[in-house]
Amino acid sequence: MKKQLFTIILALCVCSLPLMAVVSGRSLTNTLKDLCTELQATFMQRSDAQKRFNEDFDRQHKRMINVITESNELSILLYTQEQEMTFDLAYALKKVTANYKDFSKDRRPYDRIVNGLNYEIDRNARLIEALRRLPPMMKEIEMEILPDSLLYRNDSLDVHLSDSLSLLEKEVIRIAFKDSLSAPFVLDSIGEAYRDSCIFFVSEILKMNASNRATIVADSTHYQEAYLRLKETYDYAEQRYQALERYIFVDGQTPFLDIMANPGYYWNKTKVDLRGQYSLKELSDGMDESDLDDDDEDDIAFLQHFSSKAENTMLVVVCIVQLVGLVLFWLLALLILWLLYRYTRLKRYVPKRKLSIISILLGTFIYFVVFGFSLYGDEYINLGVAHINTFLWLLIAITGSLLLRVRPEQFRQGIMLYSATFLVVLMIISCRITFMPDKLMVLLFPPILLLIVIWQLCCCIWLGSKATSIDRTLGWWALAVYLVAFGFAFMGYTFVALLILVWWYFLLAAWLTVVCIRDLMSRYKERWIDKRVDSLRNRITYVSGDDREQLLFGATWFYDLIRQVAIPCIVLLSLPLCVRLSLGIFDFDDLFVRFYERPFIHLTDMNDVETLSISAQSIIYLLILFYVLRYTSRAVHAIWQYARYVTFMRKHNRDSIRPNEINLSLGNSIISVFIWMVFALVVITEWQIPTGSLGLIAGGLSAGVGLALKDVINNFIYGIQLMGGRLRVGDWIECDGIRGKVTAINYQCVQAETIEGTEMSFLNSSLFGKNFNNLTRNNSYELTIITVGVAYGTSVQHVREVLVEAMQKMCTKDKYGRDIVDPKYGVYVVVGNMSDSAVDINVKQYVLVAEQIGYRDRAKEVIYEALNAAGITIAFPQCDVHLISNEEK
């Protein structure tokens, strides 16, 4: 139905084009003129785009040929590799896998491009047919480049496109196109010229689109053929990967005891492999052939004269040249530093003992800058340079760490502790670069590792006590690693031992890099942070104690970010990164993905829906998130505290705040709950913990848990209400006759320090049930009455004047500037009771609750001294006994 409606609308639009031009006030000739101008511009743009398309197609075609050629070469290389040439086989497998993945990644969206071109061809063909039918109608336009399915003929609209229409719809189209030559609007000669130009441009655009479509279809076919060839080789490579993993981790190589049982036999087999792997004669012949060619040939053409044996031999030479070049750079750096030390003022800043290690660090860095980023024509040489760069990273990390944190007299001990590591790394890199045969590795690796273990043990025993604690600890750890590697190599798992050693030197380099960062931050703290902290502490005068220390985050935020977030995250990421780098020697990326990225706990329900999925990667990422959120929580708390202090001081026009005067408990709790709630949600999402199951469990246990935890829940709710403002840390409360100062408020209880010095806890629910008194909630003052008795007959007015005057010395201020005695009421003296032995005088005043205990003691002393000085007798309980004799009777 939609197709029929579209056909009717198209026919009506073509038929009414002349009429619309007249009605709208524009002639049909002007409309065609504008259309011609637009089509001409489009044609010019498409012509330029066509040139780029042709160039791109040529590049793609050449690349396709190169891929097919390289695929055939890699197939031959892979099929000819023996199982016992592990390094050669690993290299071939890596090349095949990388080539297949790169080719699959760069695949063009052929289907989408072809569909777009089909749409453009269809649109352009319809436009040509519409232009042709303008009166006077042109003859049929033949387009041989178009396929029959997209070719529009003279009767395409009123015949082919209307076969499926109803009789009424056919009649409408027939009337619209009946007798076109007799239409009331006929193009003049200028209009026909514009129409011819429009048809020419549209036809050329249509031809380019059709040609491009044919090219894309052919390119897609060639791509599919190349893809199938690569896929076949890649599938075989996957099988060889599995076999290589079994050979390294399960089957192993020849145990060293079996080799020692018949060393001559194994040595002869090793010599056969060496002759098949290296040849100085073939290298010399290849060099002679290269000298006969042109001098301006590139590196690739130069290396094409070499056989595989010659290339492997050249790699040995290149490895030796690189190591010799590195030593020369060390000596050159040492010579330059020695000259600067002798003829300049360098000796004032650098001790002489540091010159050797500085020369190693400087020479290594310069060598890395000069040769580390160089690209050569041969991929084998580039691979060797990449492995040498790894050794340079380890060397820079160790020497840089020693230079930053070790005293000059400890350099020798530090270098000796890491010397075994340098030798092991050089040995492994040399074996990897030169594609060492397996039999030679199995024969030489165990005794070399035994010597390394003995050397490391001697260094740890003799030099460990003189080295720093970090170097000493890492030295013993290195000894343990070498022992484990020697055990595996002795049992025949030589390449497992190699992987352990590679993992260790990557991990050692990462940890020493972290140690360098930590030492740099410690020096930064001593030189800058401590001064900034002292300056900020002196500027913060409105609070004191722990509150002021928490505000120092503004001066230490960067230092804390590095120490509390960056360093732990680097340590966590170094563990899987070092494992991946070590497995990268044999390109065991799938093995790394299997044990690190894939979940080791994977539970599903009856419907195959995941209920729990935990992987090592998720654990690492969640630990990193924990450190980040912990730092974020501290930062937000500091910002919240500072904002509350500033707002309070502006509101009350104050320049100081008493301890615990502002209630921060609720805000701090909300911040902590929100941040760690986010962490909990991330854990649930990352581990795919089903919330439906949690809800079901919670619903089933709600009744029992609710009854069992009724008091806990009540205390939690009351705790929120208390932290909402009813109670603050630092308030003085009285409950059950016990008076104390609140020291902590949590979700279960309130802790208070009593006036006797003991620590008591009140459940939150008990405080609400027993009507506790908050003595500092209103204005922090409490009525204090001190009673003293004077003898009968004493003038009360005189006593009042003496006591009021004496008590003025008690009207002082506390350390925060508050009046200890409320000046609103002052001190006033009244008569209390008429007791048996004295007239009770009450001295009344409103005293700060926090000062009341000490105030009472001092006030009693002042009252006593004042009354005694005024000669006023302080009555005491007495009993007069009168004896009456018989005579008196």
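Val 790 stands opposite Val 839, which lies in S10. That pair belongs to the contact between S8 and strand S10 (residues 839–848), two antiparallel strands joined by 10 bridges. Strands here are DSSP E runs of at least two residues, helices are H or I runs of at least four, and both are numbered from the N terminus. Two strands count as paired if DSSP finds at least two bridges between them.

A word on the source: this is a predicted model, where local features need pLDDT of at least 70, side-chain atom pairs need pLDDT 80 or more, and totals for chains, interfaces and linings use all residues. Residues are numbered from 1 along each chain as its sequence is written, and side-chain values use heavy atoms, with hydrogens and water left out.

Now the sheet. It is open, has 3 strands in the order S8-S10-S9, and the pairing is antiparallel. Strand S8 (781–790) and strand S9 (827–834) are the edges, each pairing on one side only. From one strand to the next, the twist averages 30°; axes are lines fitted to C-alpha atoms, for helices over the stretch in contact, and angles run from 0 to 180 degrees between N-to-C directions.

Two helices to mention next. Helix H27 (residues 796–806) packs on the sheet and touches S8, S9 and S10, contact meaning heavy atoms within 4.5 Å. Its direction makes about 140° with that of S9. Helix H28 (residues 852–869) also packs on the sheet, touching S8 and S10, at about 30° to the direction of S8.

Last, the hairpin. Strand S5 (residues 749–754) and strand S6 (residues 759–763) run antiparallel, with 5 bridges. Glu 753 has Glu 759 of S6 as its bridge partner. The hairpin has 4 residues between the strands, and Gly 757 takes a positive phi near 95°.
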